[in-house]
Amino acid sequence: MATILQAKNMEKYYGNKNNLTKALDGISFSVEAGEFLGVMGASGSGKTTLLNCVSTIDSLTAGQILIDDRDITTMNQKMLARFRREKLGFIFQDFNLLDTLTAFENIALALTILKKPTKTIESRVSEVAAVLGITDVLDKYPYQMSGGQRQRVASARAIVTQPALILADEPTGALDSKSARALLESFQNLVRTRGATILMVTHDAFSASYCHRIIFIRDGRLFQELVRGSESRREFFDKIIEVVSLLGGDGNDLR
Amino acid sequence: MTSAELALRNVRKSFRDYAVYFMTLTFGICIFYVFNSIGSQQAVMDLSSSQASTMKMLDRLIGDFSLFISVILCFLIIYANGFLVKRRKKEFGLYLTLGMERRQVSRILVLETVFMGLISLAAGLLLGIALSQGMSLVTAALLGVKIDAFRFVFAFGTVAKTIVYFSAAFALTLFFNVLKVGRQQLIDLIYAGRRNETNRAPRPFLAALIFTLAVFCLAASYFMLLGDLLGGASLNIIIALGAAGTFLFFFALSGFLMQAARRKSLYLKNLNMFVLRQLSSKINTAYVSMTIVCLMLFISICTLSSGLGIARAVAAELRFSAPYDATLVMSATGESGEDYVNHAPVDILAAARDKGVDVSSFAGVSKAAVFYDAEGLVPPFTGRNGEKTLLYLLSLSDYNAALAMQGLPLLSLGANEYAVNFGATNADWSKILTQYADTGGSLTLGGRELRTNAALLRHHVLEVRTHLNLDMILVVPDDTVSGRQAKKEVLFINYPQSGLEYEQLCLGALSGFTVTTADGAELSGSVETRIQVNDYAANSTATIAYLAIYMGVVFLVASATVLAIGQLSEASDNCHRYSLLHKLGADDKMLNGALFTQILIYFGAPLLLALVHSVAGISAAGKIMTRIGGMNILGTSILAALFIILIYGGYFLATYWSGRNMIKTAYDSRRR
Ligand SMILES: Nc1ncnc2c1ncn2[C@@H]1O[C@H](COP(=O)(O)OP(=O)(O)O)[C@@H](O)[C@H]1O
Ligand SMILES: [Mg+2]
């Protein structure tokens with residue numbers, strides 16, 4: 001299998017010499033094509049920073065990130081923007097849909113930014129909408145939808161461009177458990193049927209149990225790695241809980 | 001942190017975000033000061049008494065006018081500040097949820113407004129004082145006087161007036177906005193502004209219908225303004241139709257905009273969809289504010305271009321009506337105050353000699369003429385706008401004497417002919433007179449019938465006058481006037497050579513000159529001189545020009561502010577939206593393009609329609625002006641365009657730049 005993402009020795013420091021925060025302190029990992037990878041860690045451990053650096057929204061202090069064999073740390077702003085629209089899909093905790101646009105338009109937006117021919121846009125939007133079960137809300141505005149529907153619209157926007165890598169920061173964070181389960185199942189479905197590659201940050205062991213593999217980070221360093229393999233989701237979940245308690249300190253506060 | 005500190009911090013923050021608000025306050029205060037300090041500028045100038053009195057009049061006029069202007073500026077400040085408050089509702093909501101009392105929040109708001117007021121007042125006054133120095137030069141140029149030496153003008157009274165007026169405006173602003181926040185529910189404050197307006201844009205079919213109606217309204221008002229209905233239609237109806245047409249136009253436009261959303265090929269291209277939705281999400285506010293802005297721009301363009309044009313035309317007309325160095329007009333006033341009462345004719349030159357007035361001491365050439373009563377000889381002439389002419393009879397030899405003094409070719413008449421002389425030369429009057437002459441205009445005088453024809457129409461000005469002359473003079477053979485009553489006697493005077501000493505001698509000798517006629521009427525004289533007329537012309541040009549620029553600039557600033565504030569008030573929502581687009585991979589070029597298009601539509605649409613309106617408005621003004629001499633539109637239009645480019649264009653760029661900066665800061669804040 002091809003390697004989609006390769007992060008080598010990622011370092012991200014905030015502040016100055018007197019007051020230095022090592023948000024990322026030498027993390028290396030990789031993501032294979034078609035993989036559903038989870039990133040877990042306590043609050044402040046550096047999860048969001050990691051995701052922002054991978055997603056080219058933030059820049060590293062040191063280290064290297066290769067996506068599709070291209071080093072994103074050496075790209076300029078214009079190349080990065082282009083890279084984002086062509087290679088990446090984003091799913092945010094707070095959905096981040098445009099309130100002025102309908103669901104259809106929010107999804108189509110990703111394609112128009114890519115300057116895709118207008119003829120193909122409609123069919124591609126309705127196709128992903130069918131996959132995510134949001135066909136009947138396509139004409140609604142975000143404020144007319146439930147949280148779960150909004151997040152599925154956001155997911156549709158992320159996958160409609162068929163990105164090499166989908167990045168999700170706590171996508172279930174603002175959802176109730178039923179909607180969360182539905183969303184995670186559609187993620188699983190995307191990976192299985194469309195060969196999508198997903199990197200998902202989460203603090204929630206239940207969400208994490210849908211992943212193929214999980215890396216745990218603590219204080220900006222890699223702490224442990226779990227692979228699901230052939231285990232059932234239930235068994236995997238129990239293992240995750242174990243590691244989470246090992247992460248120590250206030251193990252329950254995992255945000 | 002105390003309220004004062006919090007407020008100061010907010011002001012500092014607002015300074016960065018709301019350059020436009022401060023720009024407006026500062027501009028407003030500056031303009032107000034500059035124009036109101038005109039009275040004080042005469043200190044540096046060497047003015048004649050008539051110029052000094054014009055300056056006084058101008059000062060008073062601008063003072064009255066400023067009341068009106070300050071109402072507009074006050075609305076503007078309230079509007080701008082209202083947006084500022086609206087944008088920060090969330091912040092106020094946060095203060096309240098944190099347990100701050102409403103009173104404390106209100107205090108922050110009060111302090112903020114006061115700080116902003118103080119800063120902009122200081123900036124505006126400084127700028128105004130600096131600009132008014134240059135204004136003295138302009139005034140001097142307009143009045144045609146020299147400034148001996150540069151002196152710094154500081155109008156203390158105007159500073160005080162400015163402070164008082166604007167403090168009142170700030171007080172009103174406080175009253176409205178503090179009240180607004182005080183009444184808000186916490187929930188509304190926290191969830192402020194994240195919802196689309198309910199779309200009231202008309203559906204396509206209706207939009208087409210409304211558009212037709214709009215075009216009809218506008219066409220009707222243009223037509224009335226320019227066409228044959230001019231005399232009949234009242235200006236109020238034209239204005240009402242124009243305003244309604246403008247509103248309907250933008251209303252229909254909003255409908256078309258929504259329809260464009262259905263054209264997938266256009267809509268699903270680049271960020272067009274996003275830009276269209278940006279517009280449509282505020283569509284109700286958009287078409288109302290575009291209407292207001294369009295009308296204000298129209299007023300501004302018209303006053304700037306035709307105001308100056310009218311001033312020039314008036315000046316030209318007035319110079320035209322000074323065919324001699326001076327005239328003395330003698331007339332009697334009736335018991336109930338009516339002018340030009342009939343009396344026995346007098347020879348003024350003889351009367352002057354009798355009174356010991358030496359006319360030759362100031363007059364190189366002088367001729368006296370008697371203007372006889374012509375009542376009932378011909379039907380009264382009435383102009384298109386209902387203006388009535390004054391009818392006189394003048395003997396051919398008196399008429400030719402006047403023409404000779406002006407160096408004009410003389411008139412000759414047959415024994416049974418008369419000529420008609422009317423000073424105004426515009427098309428309407430020409431038509432009326434030609435029609436009359438073509439009928440022969442038969443009248444009976446001195447026992448015989450006299451007739452006229454189109455070849456006997458003349459358009460000479462016979463007196464020195466500062467106002468429009470509507471004297472209709474029937475020039476008749478000398479023998480036909482004997483035994484008639486006189487209406488007025490006129491003495492035409494040309495000085496031996498031009499020079500102020502003759503002017504002074506003339507005025508000294510003839511002012512207060514009276515004559516008693518054979519039938520006991522008391523004639524009193526009034527002297528008008530060419531120098532007075534020219535002074536008056538320059539002074540009225542200055543007056544009209546000042547008022548036009550004052551009003552034009554204020555309206556221009558007002559319209560640009562309404563737009564700029566409207567755009568920037570959405571900035572926080574926009575920042576959020578644009579940084580999402582940035583995350584999704586839209587590069588700077590796409591983002592800036594979208595923002596530029598959005599702001600361009602807001603600024604461009606009202607300007608375009610206003611320009612069309614203005615073509616009609618200015619042509620109408622030009623038409624009126626051609627009646628009294630015509631005006632040069634080109635020069636003043638260039639001036640108006642310059643103002644628009646400078647102020648409106650400046651606001652446009654300022655809006656775009658601060659919008660772009662806000663967005664860039666929003667999405668760059670994560671990168672370092
Ligand atoms: N912009 C920033 N400036 C300074 N420190 C930051 C910034 N962003 C994050 N940090 C610090 O970096 C660390 C990791 O933060 P983050 O990646 O947000 O953690 P997580 O998402 O795992 O909760 C924290 O200690 C946080 O305080
Ligand atoms: Mg986080």
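A backbone N or O atom of K47(A) lies 2.9 Å from an oxygen atom of ligand 1. The structure described here is a predicted model.

**Ligand site**

- Ligand 1 has 12 residues around it, and those that come nearest are G44(A), G46(A), K47(A), T48(A) and T49(A).
- The site is shared between chains, because the residues surrounding ligand 1 come from both chain A and chain B.
- Backbone atoms of two further residues also approach oxygen atoms of the ligand: a backbone N or O atom of G46(A) lies at 3.1 Å, and one of S45(A) at 3.4 Å.

**Sheet in chain B**

- An open sheet of 9 strands is present in chain B, with mixed pairing and the strand order β7-β4-β8-β3-β2-β9-β1-β11-β10.
- Its edges are formed by β7 (457–458) and β10 (514–516) of chain B, each of which pairs on one side only.
- In general, the strands of a sheet pair through backbone hydrogen bonds, in either a parallel or an antiparallel manner.
- Strand β4 (residues 419–422) of chain B runs parallel to β7(B), and 2 bridges join them.
- Within β7(B), R458(B) is the bridge partner of N421(B).

**Nonpolar cores**

- In soluble globular proteins, nonpolar side chains tend to be buried together.
- The largest nonpolar core comprises 195 residues, and F29(A) and V54(A) have the most contacts inside it.
- Helix α18 (residues 530–569) of chain B contributes the largest share of this core, with 15 residues.
- Another core, of 26 residues, lies apart from the largest one and includes V370(B), F381(B), Y418(B) and M472(B).
- When neighbours within four places in sequence are set aside, F29(A) is in contact with L5(A), Q6(A), A7(A), M10(A), L37(A), L50(A), V54(A) and I215(A).

**Enclosed helix in chain A**

- Helix α3 (residues 103–113) of chain A is largely enclosed by the rest of the structure, because 11 of its 11 residues are buried.
- K115(A), which follows α3(A), has a positive phi near 60 degrees.

**Individual residues**

- T56(A) is not a glycine, yet its phi is positive at about 65 degrees. This residue is placed in the loop between α1 (47–54) and β4 (62–67) of chain A, and it is buried, with a relative accessible area of 3%.
- Q162(A), also a residue other than glycine, has a positive phi near 50 degrees. Q162(A) is found in the loop between α5 (147–159) and β7 (165–169) of chain A, and it counts as exposed at 55% relative accessibility.
- T303(B) belongs to helix α13 (residues 283–320) of chain B and is buried, with a relative accessible area of 17%. A polar atom of the T303(B) side chain lies 2.7 Å from the backbone oxygen of I299(B).

Key
Residues are numbered from 1 along each chain as its sequence is written. Chains are lettered from A and ligands numbered from 1 in the order in which they are written. This is a predicted model: local features need pLDDT of at least 70, side-chain atom pairs count only at pLDDT 80 or more; totals for chains, interfaces and linings use all residues. Side-chain values use heavy atoms; hydrogens and water are left out. Two strands pair if DSSP finds at least two bridges between them. Helices (H or I, at least four residues) and strands (E, at least two) are DSSP runs, numbered from the N terminus. A nonpolar core is a set of buried Ala, Val, Leu, Ile, Met, Phe, Trp, Tyr and Cys residues joined through side-chain atoms within 4.5 Å. Buried means under 20% relative accessible area, exposed over 50%, partly exposed in between (1.4 Å probe, protein chains only). Contact means heavy atoms within 4.5 Å. A residue is near a molecule or strand if one of its heavy atoms lies within 4 Å of it. A polar contact is a pair of N or O atoms within 3.5 Å; within protein, one must be able to donate a hydrogen and the other to accept it, and residues adjacent in sequence count only if both atoms are side-chain atoms.
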